[in-house]
Amino acid sequence: MFIEGYTNRGFTISGDLVVGPCAILPRAILQWNVGSYRDISHESLSLFRLLEPHIEILVLGTGDRVGGERLPPAVLKQMRACGIAVEVQDTPNACATFNFLTSEKRVAAAGLIPPRGTYMGI
């Protein structure tokens with residue numbers, strides 16, 4: 001999987017257009033039922049904990065910026081307890097981080113929320 005670009009409507013991933021928030025898994029791309037970073041919870045992250053093979057790192061793109069958009073510490077702690085490192089970034093940086101990790105052959109996944117008003121190829 002390679003993220004080629006993003007807009008305020010979604011993402012271009014390995015040649016496919018994905019509308020809205022998405023979960024990029026090692027072998028699949030799914031719609032992710034979150035509207036904003038406030039919807040990221042233990043429940044919305046459950047699919048990442050169930051993956052086989054087990055992912056090493058989850059990259060979360062929270063939209064335009066990370067400042068003030070913190071996830072509950074208990075949610076991050078639970079992911080770490082499952083052996084999954086979590087990197088929370090604004091979506092543009094999360095896309096670049098995910099691409100780098102996959103180019104390094106790391107077992108990574110991403111949960112991405114489209115940024116508002118941004119049109120960009122990576």
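The model is predicted, so local features need pLDDT of at least 70 and side-chain atom pairs count only at pLDDT 80 or more, while totals for chains, interfaces and linings use all residues. Residues are numbered from 1 along each chain as its sequence is written, and side-chain values use heavy atoms, with hydrogens and water left out.

Me: Which strand has the highest mean pLDDT among the elements of the chain?
Reply: pLDDT is the predictor's confidence in each residue, from 0 to 100, and strands are DSSP runs of at least two residues (E), numbered from the N terminus. The lowest mean, 61, belongs to strand S9 (residues 120–121). The highest mean, 97, belongs to strand S8.

Me: Which strands are the edge strands of the open sheet of 5 strands?
Reply: Two strands pair if DSSP finds at least two bridges between them, and the order here is S5-S4-S8-S6-S7, with mixed pairing. An edge strand pairs on one side only, and this holds for S5 (28–31) and S7 (85–89).

Me: In what sense do S6 and S8 pair?
Reply: Strand S6 covers residues 57–61, and its Ile57 stands opposite Ala108 in S8. In S8, the bridge partner of Leu58 is Ala109. Over 5 bridges, the sense of the pairing is parallel.

Me: Are the residues of S6 that point either way buried or exposed?
Reply: Buried means under 20% relative accessible area, exposed over 50%, and partly exposed in between (1.4 Å probe, protein chains only). In a regular strand the side chains alternate between the two faces of the sheet. From S6, Ile57, Val59 and Gly61 point one way and Leu58 and Leu60 the other way, and all are buried.

Methods
Helices (H or I, at least four residues) and strands (E, at least two) are DSSP runs, numbered from the N terminus.
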